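I kept them in the order in which I went through the loops, the helices and a few single residues.

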Amino acid sequence: MKVFVAGATGALGRQLVPQLVAKGHEAVGMTRSADKQDLVRGLGARPAVADALDPDAVAQAVAQAEPDVIVHQLTALSGDFDMRHIREFFAVTNRLRTEGTDHLLAAGRAVGIQRFVAQSYAGWPAARTGGPVKTEEDELDPTPPDAMRDALDAIRYLETSVTGATWTEGLVLRYGGFYGPGTGMSRGGDQAQLIEKRKWPVVGDGGGVWSFVQIEDAATATVEAIEHGSPGVYNVVDDDPAPVREWLPALAGALGARKPMRLPRWLGRIAAGEAGVVMMTEVRGASNAKAKRELGWELRYPSWRQGFAEGLG
């Protein structure tokens, strides 16, 4: 197939494009920066330069590519992650998940694509009630912290738009927290540096349950979704959801850093805001049973415990 990858130079795109090429697919990689065309070529794809927030540019790029499948991996999450300013951190990504999704869907409809695969997130959007691990059938958080409401609204919009597109096969992949080469949780990555500097504490009881996925495993699941699978939503996470109090010290150890500090909830609220406290103490993990069953997805790193030791990059 010919696959149009929007966000080809991001952390996932850099893993996804070579895997697509290795499977015999023809890849066209969209990037906003003309300076990254050689990077796209080096991954094995033909570059297409377009600003995802410019509908005419997107329409032209997709029309020229004439793809069978569009893969929407657009985010703008590079730079320092400050939980106290989480609304500002997600502002551009929210536009990419709303306006950018609209532009790609419109362009895909114009050329008659067979399938549309889009990136969503499994890390914190689930309702903070009931058990610690959620499936795709469980509801999203009806009462998120105010600072996270815009981001959750954008995720809802993307998922509804993609799965509701009756003219194509729409699949949404809710990825867990990425780690590994090119991500913030890699050696030298932004988030790893915070841990090494002891600026990422365990807040309260550290009971917030996180789900992770190593970046190469995430790309493998994406290839499976491109090639087959029924329309719908899939959690792309590893087998081992775990509370912050377990995985954060383990990641610090894998990085050769000291154990993270511990802060009471009230002090964590001052340091990281209510959204940060919720992520440390209340969020739920995700089950990958559907993705493994329906996509035939197999993980190289079934647990972050192995992945942090071997797959950080």
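I began with G256 and found it exposed, with a relative accessible area of 68%; here exposed means over 50% relative accessible area, buried under 20%, and partly exposed in between, with a 1.4 Å probe and protein chains only. G256 sits in the loop between α9 and β14, where helices (H or I, at least four residues) and strands (E, at least two) are DSSP runs numbered from the N terminus. I also looked up its separation from L16, which is 240 residues away along the chain, and the two C-alpha atoms are 29 Å apart.

I note that this is a predicted model, in which local features need pLDDT of at least 70 and side-chain atom pairs count only at pLDDT 80 or more, while totals for chains, interfaces and linings use all residues. Residues are numbered from 1 along each chain as its sequence is written, and side-chain values use heavy atoms, with hydrogens and water left out.

**Other loop residues**

I next looked up E66, which lies in the loop between α3 and β4 (69-72) and has a phi near 50°, a positive value in a residue other than glycine. E66 counts as exposed, at 57% relative accessibility.

R198, in the loop between α7 and β9, is another residue other than glycine with a positive phi, in this case near 60°. With a relative accessible area of 23%, R198 is partly exposed.

G296 belongs to the loop between α11 (289-295) and α12 (304-310), and I found it partly exposed at a relative accessible area of 42%. Leaving aside residues up to four places away in sequence, G296 touches E224 and A291, contact meaning heavy atoms within 4.5 Å. G285 is 11 residues from G296 in sequence, and their C-alpha atoms are 21 Å apart in space.

**Helix α8**

Does the length of helix α8 agree with its residue count, or disagree? The helix covers residues 215-227, and at 1.5 Å a residue its 13 residues should span 18 Å, while the end C-alpha atoms are 19 Å apart, which agrees; the expected span is 1.5 Å times one less than the number of residues.

I then checked burial, and 10 of the 13 residues of α8 are buried, so this helix is largely enclosed by the rest of the structure. Among the buried residues are D217 and E224, together with I215, V223 and I226.

At the start of α8, a side-chain oxygen of Q214 comes to within 2.7 Å of the backbone nitrogen of E216. Just after the helix, G229 takes a positive phi of about 105°.

**Helix α10**

Helix α10 (residues 265-281) gave another result, for a straight helix of 17 residues would span 24 Å at 1.5 Å a residue, yet α10 spans only 9 Å between its end C-alpha atoms. I looked for a bend and found one of about 120° at A272, the bend being the angle between axes fitted to the seven residues ending there and the seven starting there.

A272 is also one of the buried residues of α10, a list that includes G268, G273, V277 and M280. What covers the buried residues includes α4 (86-89), α6 (146-163) and α9 (244-254), as well as the strands β9 (202-203), β10 (209-210) and β14 (262-263).

**The pair α3 and α5**

Helix α3 (residues 55-65) and helix α5 (residues 91-111) pack at an angle of about 40°, with their axes 9 Å apart; axes are lines fitted to C-alpha atoms, for helices over the stretch in contact, and angles run from 0 to 180 degrees between N-to-C directions. At this contact, P55, V58, A59, V62 and A63 of α3 meet H103, L104, A107, G108 and V111 of α5.

S120 lies in strand β5 (residues 115-121) and is buried, with a relative accessible area of 2%. Its side chain makes a polar contact of 2.7 Å with the side chain of E159; such a contact is a pair of N or O atoms within 3.5 Å, where within protein one must be able to donate a hydrogen and the other to accept it, and residues adjacent in sequence count only if both atoms are side-chain atoms. Not counting residues up to four places away in sequence, S120 touches I155, L158, E159, V172, L173, R174 and Y175.

Last, I looked up Q193 in helix α7 (residues 190-196), which is partly exposed at a relative accessible area of 30%. The C-alpha atoms of Q193 and A252 are separated by 10.0 Å, although the two are 59 residues apart along the chain.
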